[in-house]
Amino acid sequence: MIEATSCGGVVIFRGKILLLYKNYHRHYDGWVLPKGTVEEGESFEDTALREVKEESDADATIITYVGPSSYTFTVPEGLVNKTVHWYLMRGESYHSKPQKKEFFEDAGYYKYHEAFHLLKFPNEKQILREAYQEFIRQKRSGGWYPSREN
């Protein structure tokens, strides 16, 4: 079995969640959260921020670690066991631009219930649920918005 590690972000701006629509040669299509492979010498946090920026052109700040998700899939070399480490992120604006060279055709921010139903994979729905609960906790405690210095 091949082990693989990726990192990604649940990016929230003004209560809405960033999603990407991927269409890979009509073989795969669906809405996903931004994520990607850890590069050599890169921290998980740096990977998550880089992948969000590369795939969506969105600027974001990590708020907290949400947790891992795991799944398996088959490639010609064999079975891949992938673990994705997820971070809750605060978006800096509604700006997003899908990265066409990786087959992302659309990007945008959606209300929680819309994002939940648009997401293709159950493991990403579960991560969204956990991240959004943390967002609500932080917002209620006043910890979501950055402090403003005088």
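Me: Which helices and strands each supply at least two residues of the lining of the largest pocket?

Reply: They are strand 2 (16–24), strand 3 (28–32), strand 4 (35–37), helix 1 (44–56), strand 5 (60–75) and helix 3 (122–140). These elements are DSSP runs numbered from the N terminus (helices: H or I, at least four residues; strands: E, at least two). This is a predicted model, where local features need pLDDT of at least 70, side-chain atom pairs count only at pLDDT 80 or more, and totals for chains, interfaces and linings use all residues.

Me: What makes a set of points a pocket?

Reply: On a 1 Å grid over the protein atoms alone, a 1.4 Å probe must fit, and the set must be open, with protein on both sides within 12 Å along at least five of seven lines. The largest pocket has a volume of about 730 Å³, a volume being the space filled by probe spheres set on the points, which are joined across faces, edges and corners. It is lined by 21 residues, and the closest to its centre are K22, K35, Y71, F73 and K82. A residue counts as lining because it has an atom within 4 Å of a point.

Me: How many of the lining residues are nonpolar, polar and charged?

Reply: The lining has 8 nonpolar, 5 polar and 8 charged residues. Here Ala, Val, Leu, Ile, Met, Phe, Trp, Tyr, Cys and Pro are nonpolar, Asp, Glu, Lys and Arg are charged, and the others, Gly among them, are polar.

Me: Why is Y71 called partly exposed?

Reply: Its relative accessibility is 27%. Buried means under 20% relative accessible area and exposed over 50%, with partly exposed in between (1.4 Å probe, protein chains only), so Y71 is partly exposed at 27%. Y71 belongs to strand 5.

Me: Which residues is Y71 in contact with, leaving aside its neighbours within four places in sequence?

Reply: They are K35, V80, N81, K82, V84 and N123. Contact means heavy atoms within 4.5 Å.

Me: Why is R14 called exposed?

Reply: Its relative accessible area is 64%, so R14 is exposed. R14 sits in the loop between strand 1 (2–13) and strand 2, and has a positive phi of about 50° although it is not a glycine.

Me: What makes a set of residues a nonpolar core?

Reply: Its members are buried Ala, Val, Leu, Ile, Met, Phe, Trp, Tyr and Cys residues joined through side-chain atoms within 4.5 Å. The largest one here has 20 residues, of which V10, I12, I17, L19, L33, L88 and L128 touch the most other members. Strand 1, strand 2, strand 6, helix 2 (112–118) and helix 3 each supply at least two residues of this core, and helix 3 gives the largest share, 5 residues. Another core, of 11 residues, lies apart from it and includes F13, A48, V52 and Y109.

Methods:
Residues numbered from 1 in each chain as written. Heavy atoms only, no water.
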